[in-house]
Every structure is written in structure tokens, then in C-alpha cells.
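Colleague: I am new to this model. Please take me through its aromatic rings up close, and then through what surrounds them.

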Amino acid sequence: MVIVGDSTGNAIDEQNRDEEHALIVAAQADPLVFETLYRRYREPIHRYLLAHLSSVDDAADLTQHVFLKALENLPVYRDRGVPFSAWLFRIARNAAIDRIRSRRPSVDWDRIQEAEQPVEQTTPESEALRNDAMRRFDALVSPLDDDKRDLLSLRFVAGLTTPEIARVLGKSDAAVRVQLSRTLRILKEHHRGQS
């Protein structure tokens, strides 16, 4: 869920926040309700992980891991004014960092039962376009350090707003805006230097 701010910066999507809170409470009581949350956030989490991992299979595997970990920890989740999506992205970010650090071999995609694999409504053309976009994104951000690549992935791949990124990273909105601005300026300067 993305909470949209009005011109004064106030959240105007309280109804969705209340709906999400009710879903979380229901999922805490009945884990089968978690499927609704999974469907809502699976694609943004998958896109985020795809930006950090070398293969679609690794991203799909880690997406499942993130949601299993979220389901496992759902009974202790408490809404402390931070959106559920920020909690999920924090889990995804930590999982990606752990995977990259450990370089563990991943589970072969063919060994995962079909019912456990994420279902995507894609065509070969849309898959090719997405793969091309991810290759261009990777090439563009390759000169940056991990933190800057992560910041850009949260913003442009996962589609999070700066307040949402701030919640995921545990930073202030202003700090994220400054860091994002500096990172984009570095990319622009690097790109000019190659022209």
C-alpha cells in the first residue's frame, strides 16, 4: 500500500491503512488470510529483490523466503505507525543482504512445487522488456556502492516513496531525500563523464 500525501504532506489514504490493519489482525488470527497480503505485496517485493540478485530464480526463491519469514513473525508484528509494507521491505532488504553476503547456493527452481511458485501474469514480450530494463538499470548503477544501489532500487524498482524508503531504512525522510538527490547527481556526473 502506498499512502499518498496531500499538498500539506498529510496522509489522505487512511481508509486503506485501516483496511490493511484489519487484514493484518485477521491474518494474525487466521494465517490463511495472509494470502491477501501476499498477493498485495508479492510483485513489489519480487521486483526489489530482482534488482539485487543475479537471476529471476534467485529473486523468486528469496521472495518466497521473505513471505515465509513474514508469516512466521506475523504473530509478533505490531503496528507502531510504520506501514506493513515498510516491515516487509525491511525483511526483504535484510534477506537480500544476507544472500549476497553468504552467496549460498539457491534451491533449483524446478524442485519447488508449482503451487509454491509466484504466479505472474506475463507475456514473453513483457518479460523481455522487464529483463532489458533490469539490465539497463544494473549497468547504470554498477559504479555505485551497495547502499546507493539499494536506495535507487527501493525508489525506482520497488516504486517506494521517500517516506516509505525512510521507514524501510530507519532514516528520516529528509535524510533519504538528500541521499537520493546526491546519488542521482553522482549518476548524472558519471554518465556525463562517459559521454
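**Aromatic pairs and their surroundings**

Modeller: In this predicted model, the ring rule gives a count of 7 aromatic pairs. The rule takes the rings of Phe, Tyr and Trp (its six-membered ring) and pairs them if their centres lie within 6.5 Å; planes under 30 degrees apart are stacked, over 60 edge-to-face, and the rest tilted. Take Y38 and F67. Their ring centres are 4.9 Å apart and their planes stand at 85°, so this pair is edge-to-face. Y38 sits in helix 2 and F67 in helix 3, so the pair ties together parts 29 residues apart in sequence. Helices here are DSSP runs (H or I, at least four residues), as are strands (E, at least two), both numbered from the N terminus. Y38 and F67 are both buried. Buried means under 20% relative accessible area, exposed over 50%, and partly exposed in between (1.4 Å probe, protein chains only).

Next come Y48 and F89. Their ring centres lie 5.7 Å apart with planes at 85°, so this pair too is edge-to-face. Y48 belongs to helix 2 and F89 to helix 4, so the pair ties together parts 41 residues apart in sequence. Y48 is buried, and F89 is buried as well. Ring pairs also join Y41, Y77, F84 and W87 into a cluster.

A word on how to read these values. Numbering starts from 1 along each chain as its sequence is written, and side-chain values use heavy atoms, without hydrogens or water. Local features need pLDDT of at least 70 and side-chain atom pairs count only at pLDDT 80 or more, while totals for chains, interfaces and linings use all residues.

Stay with F89. F89 counts as buried because its relative accessibility is 2%. Neighbours within four places in sequence aside, F89 is in contact (heavy atoms within 4.5 Å) with P44, I45, Y48, L154, A158, L160 and V168. From F89 to Y41 the C-alpha distance is 9.4 Å, although the two are 48 residues apart in sequence.

V168 leads on to helix 7. V168 is one of the buried residues there, with T162, E164, I165, A166 and L169. That makes 6 of the 8 residues of helix 7 (residues 162-169), so this helix is largely enclosed by the rest of the structure. The cover over these buried residues includes helix 4, helix 6 and helix 8 (173-194). After helix 7 comes G170, with a positive phi near 70°.

Helix 4 also carries charge. R99 and D61 form a salt bridge with their closest N and O atoms 3.1 Å apart. It links distant parts of the chain: R99 is in helix 4 (residues 84-102) and D61 in helix 3 (residues 56-73), 38 residues apart. Both R99 and D61 are buried. A salt bridge is a side-chain nitrogen of Lys or Arg within 4 Å of a carboxyl oxygen of Asp or Glu, and the structure holds 8 of them.

Helix 6 has another. D146 and R149 form a salt bridge, with the closest N and O atoms 2.2 Å apart. Both lie in helix 6 (residues 146-157), 3 residues apart, about one turn of the helix. D146 is exposed because its relative accessibility is 52%. R149 is at 24%, so it counts as partly exposed.

D146 and R149 also face a pocket. The second largest pocket has a volume of about 430 Å³. It has 20 lining residues, and those closest to its centre are A51, H52, I100, D146 and R149. Helix 2 (34-52), helix 4, helix 5 (124-141) and helix 6 each give two or more residues to this lining. A pocket is an open set of points on a 1 Å grid over the protein atoms alone, where a 1.4 Å probe fits, with protein on both sides within 12 Å along at least five of seven lines; lining residues have an atom within 4 Å of a point. Points are joined across faces, edges and corners, and the volume is the space filled by probe spheres set on them. The lining holds 8 nonpolar, 4 polar and 8 charged residues. Nonpolar covers Ala, Val, Leu, Ile, Met, Phe, Trp, Tyr, Cys and Pro; charged covers Asp, Glu, Lys and Arg; the others, including Gly, are polar.

Last, the whole chain. It has 8 helices and 0 strands. Of its 195 residues, 38% count as buried.
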